[in-house]
Amino acid sequence: MSLVIIGINHKTATVDLREKVAFSPDRIHDAMKSLASRTRTGEAVIVSTCNRTELYCNNAEKEDIIEWLEDYHSIEHSDLMPCLYAYEEQVAVKHLMRVASGLDSLVLGEPQILGQVKQAFVKAKEAGTIALTIDRLFQNTFSVAKKVRTETEIGAAAVSVAFAAVSMAKHIFSSLSTTKVLLIGAGETIELVAKHLKDNGVASMVVANRTIERAQAMCEEFNATAITLEQIPDFLAKADIVISSTASPLPILGKGMVEKALKQRRHQPMLLVDIAVPRDIEAEVGELDDAFLYTVDDLHSIIEQNMASRKEAAEQAELITEDQSHLFMEWIRSLESVDSIREYRSQSLAIKDELVERALNKISHGSDSEQVILELANRLTNRLIHAPTQALTSASRQGDLNTLGQLRTALGLDKN
């Protein structure tokens, strides 16, 4: 096997270059077919995301793959090479396992990359660019990624503000299935919060935004209700959780508004998470009984602790990928030994068939059977020992004791 990986990622290349070498979904099928034609076994997979583009090929020369990438995207060699990395054999195997396990991601341990690698594998199967080796490699990789997830804590801790906010809510409310949430703002962070809440089965969501149209567009995706900022007092008392992230220069929720809502709730606890800078919720809200206010600084403290936890888990994950890449290479070597045994056996049988045919032909023409059998035995012995004898002679003349010892063991001369 000659597995080769060629790629660029967020660590080696700018966004501009990553955009130039990315493969759009509508072109990747044909691109993989074209790339596979550069390999001796027709095996190729392309993983292309916003943070990386990687080409996985079996039985290929890395120079050919680099040339193909340059030609396909019309990129100058001098522009691409400083940002490119290339891995072969076990290093390549371990790299794929690290990528799928989230160890090479912008956010350590993020789970999305595994889905993207799986999607690339499926597309390669559809394109017909996968055979035994690549198929086994990717299947093993998916098992390794699962092993990393189940045996380490690499994905357990929140490392984004949105994830941390929802994790805090889950910690306070053991289940979100009966909680009602008010989201203030409709930007990227709140949208991510809404996604995490939906994934955790929250009972209902209301999205308040200065522009109702923007809130409505987001609500369609998450089956939520859109309101204006002016309508917040009408909905605040119904909210168990309030998460706010706007660009407002002044607070949106004041102590008086929250105090009134708590009275309407008959002092049922309310969690308020303010992830805006400047703050959306007055600091004095935290003085109210039954109001639990957390700011972006509180979340960042959690995130820092969790990042440290993920780094510890990553050390365990690295050991798993190292061990599993070794095991995969052992499987590859076993295939090579099977091929060698098959070839050696086939060669020996061909010699036998040739000599037996010659012997039978002599007997059919009246030659002495005993003499023919002796001649067959001598010729067969000489033909079968010819190559091993040459190898023993060469190793002995060169003083290569290591090879000589291996040959003696292989030929059964040294039983121990």
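**Exercise 1.** How are H8 and H9 oriented to each other: roughly parallel, roughly antiparallel, roughly perpendicular or oblique?

*Solution.* First, a word on what you're looking at. This is a predicted model, where local features need pLDDT of at least 70, side-chain atom pairs count only at pLDDT 80 or more, and totals for chains, interfaces and linings use all residues. Residues are numbered from 1 along each chain as its sequence is written, and side-chain values use heavy atoms, with hydrogens and water left out.

Step 1: find the elements. Helices (H or I, at least four residues) and strands (E, at least two) are DSSP runs, numbered from the N terminus. H8 covers residues 161–172, and H9 covers residues 188–199.

Step 2: get the geometry. Two packed helices are described by the angle between their axes and the distance between the axes. The axes are lines fitted to C-alpha atoms, for helices over the stretch in contact, and angles run from 0 to 180 degrees between N-to-C directions. For H8 and H9, the axes come within 8 Å and cross at roughly 45°.

Step 3: classify. Under 35 degrees counts as roughly parallel, over 145 as roughly antiparallel, 65 to 115 as roughly perpendicular, and the rest as oblique. H8 and H9 are therefore oblique to each other.

Step 4: A crossing is left-handed if the near helix is turned anticlockwise from the far one by less than a right angle, and right-handed if clockwise. The H8 and H9 crossing is right-handed.

Step 5: list the contact (heavy atoms within 4.5 Å). H8 brings Ala-162, Phe-163 and Val-166, while H9 brings Thr-189, Leu-192, Val-193, His-196 and Leu-197. Sorted by class, that's six nonpolar, two polar and no charged residues. Here Ala, Val, Leu, Ile, Met, Phe, Trp, Tyr, Cys and Pro count as nonpolar, Asp, Glu, Lys and Arg as charged, and the others, Gly among them, as polar.

**Exercise 2.** Check the length of H8, then work out which of its residues are buried.

*Solution.* Step 1: the expected span is 1.5 Å times one less than the number of residues. With 12 residues, H8 should span 16 Å, and its end C-alpha atoms are 17 Å apart, which agrees.

Step 1: apply the burial cut-offs, with buried under 20% relative accessible area, exposed over 50% and partly exposed in between (1.4 Å probe, protein chains only). The buried residues of H8 are Val-161, Ala-162, Ala-164, Ala-165, Val-166, Met-168 and Ala-169.

Step 2: look across to H13 (residues 296–364), where Ile-303 lies. Ile-303 and Val-161 sit 142 residues apart in sequence, but their C-alpha atoms are 7.5 Å apart in space. At 11% relative accessibility, Ile-303 counts as buried too.

**Exercise 3.** What are the angle and the axis distance between H6 and H7?

*Solution.* Step 1: H6 (residues 112–127) and H7 (residues 132–151) pack at about 160°, with axes 11 Å apart. They are therefore roughly antiparallel to each other.

Step 1: H6 passes H7 in a left-handed crossing. From H6, the contact uses Leu-114, Val-117, Lys-118, Phe-121 and Lys-125; from H7, it uses Ile-134, Asp-135, Phe-138, Gln-139, Phe-142 and Ala-145.

Step 2: by class, this contact has seven nonpolar, one polar and three charged residues.

**Exercise 4.** Is Arg-265 buried or exposed?

*Solution.* Step 1: locate Arg-265 in the loop between H12 (255–264) and S9.

Step 1: read its relative accessible area, which is 6%, so Arg-265 is buried.

Step 2: leaving aside neighbours within four places in sequence, Arg-265 is in contact with Ala-237, Lys-238, Ala-239, Asp-240 and Met-270.
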